[in-house]
Amino acid sequence: FPVTISVDKIQENGFNRVGFYTSSFAMNTNLYGFYNFKGNGKIQTIRHHMQPSFGFSFTPDFSNPALGYYQMVQTDTSGRMQLFSRHQGFIFGGAPIGEARALSISIRNVVEAKLKGDSEDGKSKKIPLLQSLNVATNYNFAADSFNLSQVNINTRTSFFDDKLSINLSGNIDPYAERSFLNSRGDVVTRRVNEFAWNAGQGIGKLRSVQMNINGTINPTSSQRNPGQMRDELTNDFLRQGGVLNEFVEQEINRIVNDPSQYMDWNIPWNLGFGYNIAYNKNPGASANVTSAMTIQGDLSLSEKWKIKFNGGYDFMTQKITQSMIGIARDLHCWQMDVS
């Protein structure tokens, strides 16, 4: 048979098992600070709620040959060896590779103000100044380089009784960049295993920034809006011992940004709009900027039927984005959607 300069894969039918595990623990506490204003001013008190969380997780290296999940394979005629997973491409994936002993740290901040009441009963009113300011990162003691992960920062506030919300998030890479000449004489820029502040490059490189402005308009204020949804999901996650990180924030945002997750059948119509702008820059690459507007809403046809829609406009391509129109039916403990 002719010999090809490639790795051949042989699939074997039969029963096989992949088992992997991780262990972790987390702890968090709550700190409160108050600043009381004297005199006849409108503001009575400003409260700062800080929630630091610490966690540690351990995952063994499942590429250990004794487990049989991975195999060293010669990949070319020079004798170069590469590690391949025996379950690569399978529906359920394979065991993770590489040991991890990671310390995760996150700090969540909430700032609120209490205002004197204007009504006859004299009840004070609480308004959010900063609904959240979260900072999170982790340090992998088992890694041979780049132990500290990117620092994720996100903040959120709202106006007009949560009818308009502003979300801002970003990632800071704590490692420095260096430029080198490759074998062809081209200048290439790469991350190096040296902290940016030691290389005179500040606190780090800004890898990504995203800002979304979201608003809702409807004839009642009883709807559970995206801001309230985000607070409830975040607080439930923290109460169960979870630690906030970039993946958790993305999952919470995914749920919050799906209108079907919090559709209120008690209001006759609801209109939501948003504007998103994002900046991303990888080492040695040009910056990428995206900007788009979205609009979505629903309209009640009857007590149990709603028509819903969403669409948008991409400012970078100057084109209308993919749009959807659908109909929803409330089936008591079920919901039917056709779009």
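**Exercises on a predicted model**

The side chains of Arg 207 and Glu 177 make a polar contact at 2.8 Å (N or O atoms within 3.5 Å; within protein, one able to donate a hydrogen and the other to accept it, and residues adjacent in sequence count only if both atoms are side-chain atoms). The model is predicted: local features need pLDDT of at least 70, side-chain atom pairs count only at pLDDT 80 or more, and totals for chains, interfaces and linings use all residues. Residues are numbered from 1 along each chain as its sequence is written, and side-chain values use heavy atoms, without hydrogens and water.

**Exercise 1.** Determine whether Arg 207 is buried or exposed.

*Solution.* Next, take its relative accessible area, 6%. Buried means under 20%, exposed over 50%, and partly exposed in between (1.4 Å probe, protein chains only). Arg 207 is therefore buried.

**Exercise 2.** Classify Phe 309 by its relative accessible area.

*Solution.* Phe 309 lies in strand E15, residues 305-314. Because its relative accessible area is 34%, Phe 309 is partly exposed.

**Exercise 3.** Identify the strands that pair with E6 and the sense of pairing.

*Solution.* Pairing requires at least two DSSP bridges between two strands. Strand E3 (residues 43-59) pairs with E6 (residues 100-115) in the antiparallel sense over 16 bridges; here Phe 56 has Leu 103 as its bridge partner. Strand E7 (residues 125-140) also pairs with E6 in the antiparallel sense, over 13 bridges, and its Asn 138 stands opposite Ser 104.

Terms used
Helices (H or I, at least four residues) and strands (E, at least two) are DSSP runs, numbered from the N terminus.
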